[in-house]
Amino acid sequence: GQPLGPRRLSLKPVPKLPNMEAFLREALVKVKKQARGCLAPELCFQAVRAATERPFAEGVRRERELFQVLLSSGQAQALQYAFFAERAVRRWATPGGASWSSAAPQPVRKAAVIGLGTMGRGIVTSLVKANIPLVALEQDLENLNKGRKAVMLLLEREAIKMEGGAKTLDFHNPARLQFTVDFDLLRDVDLVIEAVFENMALKKEIFHKLSKICKPGALLCTNTSALNIDEIASATSRPQQVIGTHFFSPAHVMRLLEIIYGRHTSPTAIATAMQLAKALKKVGVVVGNCFGFVGNRMMFPYVQQAVFLLEEGSRPEAVDQVIEDFGFKIGPFRMSDLAGLDVGWRSRKDQGLTGPALPAGTPARQRHGQRYSPLPDLLCEQGRFGQKTGKGWYQYEKAGGRTATPDPWLHNFLCQYRDTHGIQTRFIDQEEILERCLFSLINEGFAILAEGIASGPEHLD
């Protein structure tokens, strides 16, 4: 029954805590690590810090100043641009005149995934999370059981993350998720995603089979990162139903889905793939068919520049640090180790850039009159494929390990390599590393636009 009186929080003195300094110091280190290169989280931290050190009115004034800094920053403009670009890519168009406004998607009531390697597992997980019933197919029982185990593990982890949410994952029900080695079970699916490894002959064999078994309207998707969609489609009796759906690894985490149309791909097929991206809560981007499409085609010159920097005197950890401090989640060398160096090696052997198909007498550091670095090939010849073997550009605690540490063996190897090829080392500063890596990405982006592979800069970004 007593009057409460004024209890305005802002008038109370700020309590002093004994270990405030140490606490704030640790918090800043954490923020900087989690949001490398990003301005806003650091300024948020400064605003909180001001609140602990100054009276209310002064703290609010400081927060206002910090907000003004962010409001006019290049990063704010870039984030706003990215926000709207993500919406703009829904409005797709092809040079042939097909577009989002006139093409209608087909319903996908049941799907199939072929191949339960790393990519296939992630794609299965994405489809289950989107509540699309599916069949998962492998070539033999041994691979099927291995794949099933890995998929179940992934789904159990996802289910734990979703606990307490409205939706639960129903993945033990065979009507929702069925594992098989029998192609005949694909007769009634609306959409198939092939996710076997990058080998043209294998993919064509599978697509030839699919075009005999699947119903006429079924969409045939290939999760390829670089192979020609038209050549894959040529193995079928229905090239209009063939489309590239390039997921990025890990497929159940990464939000990008690159959708590649071939010469004969129908507008309905493109619309259906875009609808699938939306159902999977991914950002679908429609692009044209060329080697590497957009994502990997831009990666090639970027990683190549990073390797040239090593030749000239830099180290993997120095290059990665500059790129990561700039704000990339992962530098080019850690990324290569994560993806597996053998993937690119296989592709270069197929292209005749290295390995037995390379004509005798080809200079070590030139291909087709262009500068070339054999460094990644040499690492692969040593069996250093990255995380999977415990050694790549870095060393790891064990095969399959995650923690990259600089490798003295590699530093020594680089010295010998430079001696062999008579390369003078020099000091390379951070600015040069950043510019050479990023400008190679940007320039390739302009080439892709000029060729009409992407219909607008937002699609690239």
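Predicted model: local features only at pLDDT ≥ 70, side-chain atom pairs only at ≥ 80, totals over all residues.
Local features need pLDDT of at least 70 and side-chain atom pairs count only at pLDDT 80 or more, whereas totals for chains, interfaces and linings use all residues. Residues are numbered from 1 along each chain as its sequence is written, and side-chain values use heavy atoms, with hydrogens and water left out.

The protein chain has 17 helices and 10 strands. These are DSSP runs, numbered from the N terminus (helices: H or I, at least four residues; strands: E, at least two). The C-alpha trace spans about 80 × 70 × 45 Å along its principal axes. Of the 461 residues, 44% count as buried. Buried means under 20% relative accessible area, exposed over 50%, and partly exposed in between (1.4 Å probe, protein chains only).

An unreviewed UniProt entry lists residues 292–396 as "domain: 3-hydroxyacyl-CoA dehydrogenase C-terminal". Such annotations may be inferred rather than shown by experiment. The span is 51% helix and 4% strand, and its end C-alpha atoms lie 29 Å apart. Pro356 is found in the loop between helix 13 (341–350) and strand 9 (366–367). Pro356 counts as exposed because its relative accessibility is 83%.

The whole structure holds 28 salt bridges, each a side-chain nitrogen of Lys or Arg within 4 Å of a carboxyl oxygen of Asp or Glu. In one of them, the closest N and O atoms of Asp190 and Lys215 are 2.7 Å apart. This pair links distant parts of the chain, 25 residues apart. Asp190 is buried at 11% relative accessibility; Lys215 is partly exposed at 31%. Glu198 and Lys203 also form a salt bridge (3.5 Å, N to O). Glu198 is buried at 18%, and Lys203 is buried at 0%.

Glu432 and Arg436 form a salt bridge at 2.8 Å between the closest N and O atoms. Both lie in helix 16, 4 residues apart, about one turn of the helix. Shared partners join Glu311, Glu312, Arg365, Arg371, Arg426, Glu432 and Arg436 into one salt-bridge network.

Surface patches are made of residues with over 30% relative accessible area and no salt bridge; like charges are joined within 9 Å, and nonpolar side chains (Val, Leu, Ile, Met, Phe, Trp, Tyr) within 5 Å. Arg87, Arg90, Arg91 and Lys278 gather in a positive patch. Lys278 lies in helix 9 (residues 267–279) and is exposed at 59%. Phe439, Ile442 and Phe446 form a nonpolar patch with about 320 Å² of accessible area together, by the Shrake-Rupley method with a 1.4 Å probe. Phe446, in helix 16 (residues 430–450), is exposed at 55%.

Terms used
Lys, Arg positive; Asp, Glu negative; His and termini not counted. Charge placed at Lys NZ, Arg CZ, Asp CG, Glu CD.
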